[in-house]
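Here's a quick briefing to read with the model open beside you.

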Amino acid sequence: MTATGQPSGDVDPSGAGWTAREIGQQPALWREVARSVESARAETDAFLAPLLAQTRLRIVLTGAGTSAFAGAVLAPYLARRMGRRVEAIATTDLVSNPREHLAEDVPTLLVSFARSGDSPESVAAARLASRCLTRCHHMVLTCNNRGELYRDHVAAPLSLVRVMPAGANDRGFAMTSSYTCMLLTALLVLGGESVDLVERLGAAADQLLAGTAAAIRDVAYRGPRKIVYLGSGPLTGLAQESALKMLELTAGTVATWFDSPLGFRHGPKSVLDDTTLVLVFVSNDPYTRKYDLDMVAELRATQQRGSVVVVSAAREDPEPDNCWMIDGVEDLDDVALSLPFVVCAQLLALHTSLARGFTPDNPFPGGEVNRVVRGVTIHELDGSG
């Protein structure tokens with residue numbers, strides 16, 4: 001058996017080897033991230049301290065696709081933890097509408113998440129921010145020390161670059177290790193979380209990979225045609241990333257949706273039928289969890305047994321066979337909880353891809369969709385209003 005619960009003979013290195021390995025290696029890479037963050041703490045604090053002393057500082061978390069969803073997970077938590085304005089705005093929105101998103105000329109820290117750093121929007125968003133804003137500093141979190149974004153900022157006086165462990169630069173099509181390592185780095189650096197947290201997250205993910213992966217594989221091989229991911233607060237961003245992971249690795253053949261449990265009732269619930277699997281990421285916050293569990297009960301009252309799966313750190317589910325438990329993290333904030341939670345979504349996408357006969361390392365052998373986005377023309381921003 002591989003670390004992902006897949007029989008060794010079923011994983012062809014040309015078809016799923018990289019993706020399976022990159023999912024399974026995450027606990028080890030998180031521990032590397034913790035060591036790296038700690039070793040660079042003095043330099044990082046020296047860069048951030050004068051910025052955080054500015055009461056009007058605006059922090060913008062940006063990236064494209066999965067990298068953007070890292071910002072969506074982090075923003076609510078960081079705003080609360082730091083007591084300041086923190087927004088998640090995708091590079092794809094910044095580039096196409098800079099005058100809307102960069103209209104307020106206040107001191108800004110642009111935090112860029114980028115696996116390769118070669119996506120046209122990633123490079124252009126940072127350049128536009130520097131052009132449109134009088135005082136813009138940059139923190140670049142990337143997995144590629146050869147990428148254009150890295151080269152633009154590694155020696156720039158208003159920039160701080162942090163490169164993830166070498167193994168985080170995923171060779172598979174979908175972002176897995178890269179996503180969690182960049183998110184964790186931002187959590188430790190900006191959220192001020194202790195590196196001791198990482199050992200707990202790593203242990204929880206190790207246990208998940210060893211004990212729950214087979215159950216996740218079984219659900220994937222049931223062959224759902226639609227999958228809905230629900231989560232509240234930071235876990236809404238996780239639901240969005242989970243939906244994208246499934247869409248990517250199954251080459252768009254499994255229809256996916258994401259929402260919050262409360263939002264799902266307002267129309268999106270129409271997607272449900274007897275081919276739909278619903279995955280609910282349950283919050284650790286006692287108040288928020290009540291709403292999540294209300295939705296779980298409502299769905300289980302109307303849907304087929306086994307079609308509603310709960311991912312939770314609290315042992316309170318009345319259908320334990322349909323609950324993927326994450327042990328040892330029941331007291332953590334949801335933003336940290338999202339790291340072992342997303343491993344469940346990655347495994348589900350991997351095994352669903354294999355069940356449907358795709359090659360997860362490259363679900364688009366014809367090149368219809370590329371690992372690093374191509375074909376984007378970056379237009380010059382003129383000086384008109």
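Two strands pair if DSSP finds at least two bridges between them; helices (H or I, at least four residues) and strands (E, at least two) are DSSP runs, numbered from the N terminus. This is a predicted model, where local features need pLDDT of at least 70, side-chain atom pairs count only at pLDDT 80 or more, and totals for chains, interfaces and linings use all residues. Residues are numbered from 1 along each chain as its sequence is written, and side-chain values use heavy atoms, with hydrogens and water left out.

**Strand E3 and its partners**
- E4 (residues 136-142) runs parallel to E3, and seven bridges join the two strands.
- Within E4, His138 is the bridge partner of Leu110.
- To get from E3 to E4, the chain passes through helix H7 (residues 120-132) in a right-handed β-α-β crossover (with the strands pointing away from the viewer, the path from the first strand over the helix to the second runs clockwise).
- E3 also pairs with E1 (residues 58-62), again in the parallel sense, over five bridges, and here Arg58 stands opposite Thr108.
- Seven of the seven residues in E3 (residues 108-114) are buried, meaning under 20% relative accessible area, with exposed over 50% and partly exposed in between (1.4 Å probe, protein chains only).
- In a regular strand, side chains alternate between the two faces of the sheet.
- Both faces of E3 are covered, with Thr108, Leu110, Ser112 and Ala114 on one side and Leu109, Val111 and Phe113 on the other.

**Nonpolar cores**
- A nonpolar core is a set of buried Ala, Val, Leu, Ile, Met, Phe, Trp, Tyr and Cys residues joined through side-chain atoms within 4.5 Å.
- The largest one has 89 residues, and Leu61, Leu109, Leu190 and Leu348 touch the most other members.
- Helix H15 (residues 334-355) gives this core its largest share, 14 residues.
- A second, separate core has 19 residues, among them Ala124 and Cys136.

**Helix H11**
- In H11 (residues 213-220), the buried residues are Ala213, Ile216, Arg217, Val219 and Ala220.
- They fall within an arc of 160° seen down the axis of H11, so they line one face of the helix (the arc is that of the directions from the helix axis to the C-beta atoms).
- Their cover includes H10 (196-211) and H15, where contact means heavy atoms within 4.5 Å.

- Most residues other than glycine have a negative phi.
- Ala251 is not a glycine, yet has a positive phi of about 50°.
- Ala251 is found in the loop between helix H12 (234-249) and strand E7 (255-259), and counts as partly exposed because its relative accessibility is 22%.
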